[in-house]
Structures are given as structure tokens and as C-alpha cells.
Amino acid sequence: MNDLIEIRWHGRGGQGAKTASLLLADAAFNTGKYIQGFPEYGPERMGAPITAYNRISSNPITIHSNIYEPDYVVVVDDTLLETVDVTSGLKESGAIVINTTKSADYLKSVLKGYNGAVYTIDARHISEEALGRYFPNTPMLAAIVKVSGIMTDEALLEDMKDSFKHKFAKKPEVIDGNMKALELALKEVKKI
Amino acid sequence: MSIRERLSGNEAAATAMKQINPDVVAAFPITPSTEIPQYFSTFVANGVVDTEFVAVESEHSAMSACIGAEAAGARAMTATSANGLSLMWEMIYIASSLRLPIVLSLVNRAVSGPLNIHCDHSDAMGVRDSGWIMLFSETNQEAYDNTLMAHRIAEHKDVMLPLMICQDGFITSHAIENIELVEDDKVKEFVGEYKPEHYLLNKNEPIAVGPLDLQAYLFEHKAQQAEAMKNAKQVILDVSKDFEKMTGRKYGLFEEYKLDDCEVAIVCMNSTAGTTKFVVDNLRNQGIKAGLLKVRVFRPFPAEEIAKALSHVKAVAILDKADSLNAAGGALFEDTVSAMYVNNVHVPAINYIYGIGGRDTKADDIESVYKDLLEITQTGNIENPYRYLGLRKEEN
């Protein structure tokens with residue numbers, strides 16, 4: 001009961017926040033946990049703000065509502081910071097992980113006095129370096145694993161290698177790039 | 001050994017259908033059940049099942065094709081949601097009155113309008129008097145398990161009625177959760193082969209299906225349908241017992257969660273029961289004797305059993321995820337209070353309409369219901385038994 005971890009993802013349609021939440025659920029499942037991974041469906045269109053959720057626990061999870069007091073929040077797109085109340089209900093004992101290159105002062109100004117830990121990562125740079133294209137979800141997945149300590153870096157890399165093999169069975173050329181994106185993200189996520 | 005997996009509710013339903021390997025699946029896609037025929041058509045394309053998949057042009061035709069297939073002597077399945085079920089409506093009654101044990105996976109969603117694709121139970125409640133057996137599922141696991149049990153119940157010679165398995169649209173249909181799957185060979189053995197007693201393709205016994213049935217006998221035929229629905233209760237219990245032997249997972253007509261010693265109880269169905277369990281645990285830690293009765297079998301309605309299970313509580317709230325718009329109360333509420341009345345159980349009862357059109361039901365909402373019940377146990381006052389839960393307050 002006590003080890004329940006709740007995570008809320010904020011992204012924009014098309015950036016893969018939903019997929020990232022499902023991949024995180026998969027990876028945690030493979031370490032033996034009970035998991036939930038679910039998106040909040042709205043008017044689905046490219047670019048619209050979307051929310052997705054994860055619950056991860058050592059015990060069966062019965063609650064079936066959205067998450068209002070998350071332990072962690074992941075922001076996949078920093079243009080949401082001024083329009084979505086991303087820290088709503090976020091526990092101060094937890095943390096927020098943001099894909100951004102913006103300054104600490106700017107982040108403080110938009111996070112509405114949130115006193116918990118703030119982590120940033122430049123997922124665009126990582127994705128473009130590793131994959132040659134902008135897919136922020138893979139680096140963000142690694143970042144939240146690192147920050148939350150849901151599993152070790154090694155367990156994540158091991159597990160994702162397997163799941164990328166299945167996911168990209170028809171385009172194996174992107175597997176190495178995605179693995180590189182994970183590795184870079186594990187190193188580059190930093191607390192401000 | 002069961003197989004540890006993680007699947008969405010739709011994947012769970014499709015997986016059960018794959019393992020059952022029915023003769024015919026006829027379906028038309030509609031959110032949020034679309035993925036079920038989508039996954040299933042992949043199984044067909046990959047040759048994993050022998051099923052004849054009929055990609056019909058509407059839900060009316062989907063149910064019609066299932067009726068034709070079952071009447072011919074085949075085992076038929078389909079899946080739908082909301083307005084898809086509405087379009088089937090005419091054929092839903094034909095299926096049950098022809099005593100064809102079709103199995104339908106219903107992913108619950110609000111019936112329009114205005115247009116809404118999210119979860120409530122208005123689709124299921126619209127067919128509650130159509131003569132279908134209706135099983136509700138809290139989780140992906142229960143949606144899967146209920147599907148594996150469905151044919152054994154529906155095809156039983158004392159029943160011969162169609163059956164629908166309900167689960168909450170998006171809330172469970174699109175959420176990935178842990179699940180324990182049964183091995184393919186065990187499922188095959190458990191479900192068994194369908195051997196209909198009478199069927200159209202039996203050349204040794206020419207029969208007519210669905211002829212004119214007027215004043216002389218329709219009444220008797222309806223009474224037989226009603227009798228079959230009564231018989232279904234015991235058959236469901238027997239099949240559930242066999243299922244428990246295979247999996248260790250116990251199912252009854254309803255689940256009692258910390259109900260036997262509780263003072264205040266909630267009655268509800270599907271995923272909200274899970275949230276309610278979470279709240280019951282929290283309240284129990286605070287010394288409040290809260291309990292839950294989760295209805296699994298809504299049709300046939302286990303009236304006597306539910307009345308008995310609630311007879312000791314001091315106050316009960318019945319939660320309906322569909323409004324009957326009758327100025328009196330939701331369907332589950334009315335069935336529950338009438339069950340109590342005729343069984344001489346007199347427990348103060350209130351009704352909450354909740355979660356309409358996908359409005360999220362939070363743990364706080366459920367907790368507020370228990371708080372209302374506690375107040376009723378102290379004051380004895382029920383000013384308005386027909387209430388809303390989670391409705392926006394009027395803004396000034």
C-alpha cells in the first residue's frame with residue numbers, strides 16, 4: 001500500500017506521452033510490480049494538451065480514478081507550463097521533470113511556488129543527437145525512471161532493449177538510436 | 001500455472017475471444033470497443049483462430065449476422081458500445097427471444113446525445129429488460145474471466161439466452177493493468193464445444209426459426225424466457241465454481257467486500273467498485289465500518305440474495321452510472337430497493353447518479369457518500385433519496 005507511486009504526464013498530442021506512460025508501465029511490470037498505465041482521452045488531435053497516468057505498486061491496485069495528488073509529474077512540452085496547472089496537487093516530497101532549456105528563474109515563475117524538486121532535461125537535443133529526429137518520449141521515460149528510482153538504470157536499459165526489439169521489429173535501424181537516447185537521458189537529467 | 005501479463009481491458013476481451021475461437025465474429029467498430037474487433041481481425045488474418053470474421057456495415061447487421069450464425073448452429077460473438085448497441089436494439093430482442101446464446105462484449109459508454117464517447121452505463125441500462133444475461137466487470141481480469149465463463153452459462157440447456165459482458169469504457173478498456181491469463185488448452189477444455197440441440201443446418205430435423213407468434217403462444221414463450229433467466233442464476237454459480245477450480249478466482253452473483261460486519265454500505269458496478277474498495281480500506285483504518293456490495297450479475301438480478309446480504313446494514317447507498325430520467329431513481333437503485341422491500345428488509349437507502357459521460361469519480365466522491373450514510377445512521381433523515389455525485393455546483 002505505502003509504496004504506491006503515482007505519476008502524471010503532460011504532453012501534446014503526437015509527442016508520445018501516452019506511449020511513454022505505457023512503456024513505463026511495461027518496464028515496471030517486468031520488474032514484478034503491479035501497474036496501471038492510462039491516458040485521459042479528450043478531443044484527440046495533434047498538438048492538443050493531453051494527460052496520461054501511471055500507478056506503480058508492489059500490491060494490487062484497485063483505485064480507478066485519475067490522479068490528483070501525484071508523486072511525480074512529467075512535462076513533455078514546456079509550452080504547456082503557462083497554460084496547464086502542471087503542479088496541481090503535486091506532492092512536495094515528489095518532483096517535477098520538465099523537458100526544457102529555459103532558465104531556473106523562468107521555471108520558478110511558472111511553477112506557482114512549487115517547493116518540491118525540479119528536474120530538467122533537454123530531450124530535444126538528446127533525441128536529435130541520438131535519433132536525428134525529435135521524439136521526446138524516450139528521453140522523458142529515462143528521466144522519470146532516474147528521478148523516481150522506480151528501477152535501476154540497468155534494469156530499464158535491459159528491459160527497453162527487449163521491448164524496442166518488439167516495437168520496432170519492422171524498423172530495427174531505430175533501436176540503437178532509442179537506446180542511445182535512453183542512456184544520454186539517464187546521464188543528462190539534472191536537478192535545478 | 002497461469003500466465004502473468006499486462007493488458008488493457010480491450011486486449012483482455014480480445015484475448016479471451018481468441019482462446020475461445022468462436023465459429024463466427026461479426027462486428028462493426030465503435031469507440032471505445034473498436035480495438036476488440038480490430039485485435040480479433042488480426043488474429044483471423046494471422047490464422048491464430050479459425051473464426052469466420054464478418055466485417056458488416058452496421059451494428060444492426062452485426063447482431064443480425066450473429067443471429068443467423070447461432071440459428072445455423074454456430075457459436076457467434078460480437079463487441080460494441082453505446083450507439084452501436086442502440087443500433088442493434090431491434091435485433092437484441094430477436095436474439096434473446098429466439099433463445100440464441102450469442103456472447104457480446106459491451107464496453108460501456110454514454111449513449112448520445114449530445115455526442116459523448118466516454119464511460120457511463122446508459123448503453124447497458126437501455127437493454128436491461130431485453131432478456132440478455134448481463135455480467136459486469138470491475139477490471140480487465142474480470143472482463144477476461146467473465147468472457148471465458150460466458151458460453152458455458154449462455155449455452156446451458158436450462159438457459160439458452162444471449163449474454164453480454166460489460167466493462168467500463170476507457171477506464172478499464174484503455175488502461176494497461178496486470179492480468180493472469182489461463183493457458184490456451186485449459187480454456188479450450190473449459191469452454192468446450194458447442195452442441196446445440198436444435199439448429200437450422202441439422203438436415204435430420206427441419207425447423208423454423210422466428211415464425212409468427214401471436215396471441216395463442218407468445219405469452220407462454222415469454223414466460224419460458226423468464227424461466228430461463230431464473231435458471232441462469234444457478235448455472236452462473238455452477239460455472240463460476242468450475243472456473244474457481246481451474247483458476248482459484250472466486251466469483252458469485254456479487255462480491256461482498258468487508259460487507260459482513262459493516263454499518264454503511266455502497267452498492268455499485270464495474271470499475272467504481274475498485275475505487276470504493278480503496279476508500280473502504282482507508283475508512284476501516286479510521287475505524288469506520290464501511291463495506292461494499294459489487295454487483296456482478298445484473299441480469300438475472302439476484303434480488304433475494306442482495307436483500308439478504310444488505311439486511312444487517314444501517315444505511316446503504318446505491319450508485320448508478322446512468323440516470324433513468326424517471327424522476328424517481330436509477331435502475332440499480334430501483335432494483336435493489338424493490339428487492340429489499342419484497343424480502344422484508346428495511347434499510348434506509350439512497351441513490352446517487354454519478355460518472356455520467358465520463359465524469360471522473362474520485363476517492364473523495366466515494367468517501368463523501370459514506371459520510372452521508374453515517375449522517376443518516378445518526379439522524380435517520382433522508383430528505384432526498386435521489387441525488388447526484390460529482391455534479392458541478394451552480395456557479396455564481
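Modeller: The bridge partner of A:Gln36 in β8(B) is B:Glu177. This is a predicted model, in which local features need pLDDT of at least 70, side-chain atom pairs count only at pLDDT 80 or more, and totals for chains, interfaces and linings use all residues. Residues are numbered from 1 along each chain as its sequence is written, while chains are lettered from A and ligands numbered from 1 in the order in which they are written.

Strands pair if DSSP finds at least two bridges between them; strands (E, at least two residues) and helices (H or I, at least four) are DSSP runs, numbered from the N terminus.

Across the interface, 17 residues of chain A are in contact with 17 residues of chain B, contact being C-beta atoms, placed from the backbone, within 7 Å. On the side of chain A that touches chain B, the elements giving two or more residues are α1 (17-30) and β2 (34-40) of chain A. The most comes from β2(A), with 6 residues. The residues of this side of chain A divide into 10 nonpolar, 6 polar and 1 charged; Ala, Val, Leu, Ile, Met, Phe, Trp, Tyr, Cys and Pro count as nonpolar, Asp, Glu, Lys and Arg as charged, and the others, Gly among them, as polar.

Conventions:
Contact = placed C-beta atoms within 7 Å.
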